[in-house]
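Subject: Structure handover: cavities and salt bridges

Hello,

Please find the structure below. My notes on its cavities and salt bridges follow.

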Amino acid sequence: MPHQPLHVAGVEVTPLCDAVGPMGEAIRRPLAEMFPGADLPEEPWILHFHCYLLRDHAGRLTLVDTGIGGTDSPASSWAPVPGSLAGELAAAGVAPADVGTVILTHLHSDHASGAVADGRPVFENARYVLQDAELEAAGGAMLHQVIDVIKGQLQVVDGDAEVAPGVRVHLTPGHTPGHQIVRLGDLAMTGDLVLHPAQLADPAVRYVYDDDQERAAATRAEVLAGLRAERALLATAHFEEPFVRL
């Protein structure tokens, strides 16, 4: 657990580093192709895969994203597996059964595959919060290996909602149809709203793997403008350092 927790609005927020590494050959491209229009060096993109643990004053635990999962994960064709989320949680003094709420920012395999292991929900006592638009679009391995396993524990929301005391989700479509960010006080856990620091400098920089690049760029510009006006703190999924102050 190399990253230290912060306290935001009375809640301890701990970044959990699930993995570090480049994309696998199945989807790897030069950075200039990944982020067209950005002036980026010709070097491998090393991703940091962050999840976030929230512990409130009453001891209630909320987990934002579940990482890339085990060696049989849907992410195994391109992401470093196995993920180390279980060890990161243990280092924070948390067992999977202690987690009461899991928020999935979206159903890409590096954010949601760790919800399941050996065909069973990892967080057996948790509600899994997901946007309705994301559930409607689910298919392939993520539907069959993840959603079908946790469907009895799903809390499906439509748009903005408070899902734990002081914790809200906000629909931010584009990267996926039902992508959502998570707000706690002045902290925004951004999932894949922003993937590379180049997109903070210019939100119009697109990402080749956004489902809808035009909509993602528009959403990113709108959301970041609002967060900048607040001087918000970002908790990112793939930056080297998890926290960025706008």
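The largest cavity in this predicted model is lined by Val-11, Leu-54, Asp-56, Arg-60, Thr-62, Ala-164, Pro-165 and Val-167. A cavity here is a set of points, on a 1 Å grid over the protein atoms alone, where a 1.4 Å probe fits but cannot get out, and lining residues have an atom within 4 Å of a point. The lining of the largest cavity divides into 5 nonpolar, 1 polar and 2 charged residues (nonpolar: Ala, Val, Leu, Ile, Met, Phe, Trp, Tyr, Cys and Pro; charged: Asp, Glu, Lys and Arg; polar: the others, Gly among them). About 60 Å³ of space lies in the largest cavity, where a volume is the space filled by probe spheres set on the points, with grid points joined across faces, edges and corners. With a threshold of 30 Å³ or more, the count is 4 cavities.

On the conventions: residues are numbered from 1 along each chain as its sequence is written. Local features need pLDDT of at least 70, side-chain atom pairs count only at pLDDT 80 or more, totals for chains, interfaces and linings use all residues, and side-chain values use heavy atoms, with hydrogens and water left out.

Next, the salt bridges. The whole structure holds 4 of them (a side-chain nitrogen of Lys or Arg within 4 Å of a carboxyl oxygen of Asp or Glu). Helices (H or I, at least four residues) and strands (E, at least two) are DSSP runs, numbered from the N terminus. Arg-55 is partly exposed at 26% relative accessible area, and Glu-12 is partly exposed at 21% (buried is under 20%, exposed over 50%, partly exposed in between, with a 1.4 Å probe and protein chains only).

Glu-230 and Arg-183 form another salt bridge, with the closest N and O atoms 2.8 Å apart. Glu-230 lies in helix H7 (residues 213-230) and Arg-183 in strand E12 (residues 180-184), so this pair ties together parts 47 residues apart in sequence. Glu-230 is partly exposed at 45%, whereas Arg-183 is buried at 13%.

Arg-245 also bridges to Asp-186, at 3.0 Å between the closest N and O atoms.

Regards

Technical notes:
On a 1 Å grid over the protein atoms alone, a cavity is a set of points where a 1.4 Å probe fits but cannot get out, and a pocket is an open set with protein on both sides within 12 Å along at least five of seven lines; lining residues have an atom within 4 Å of a point.
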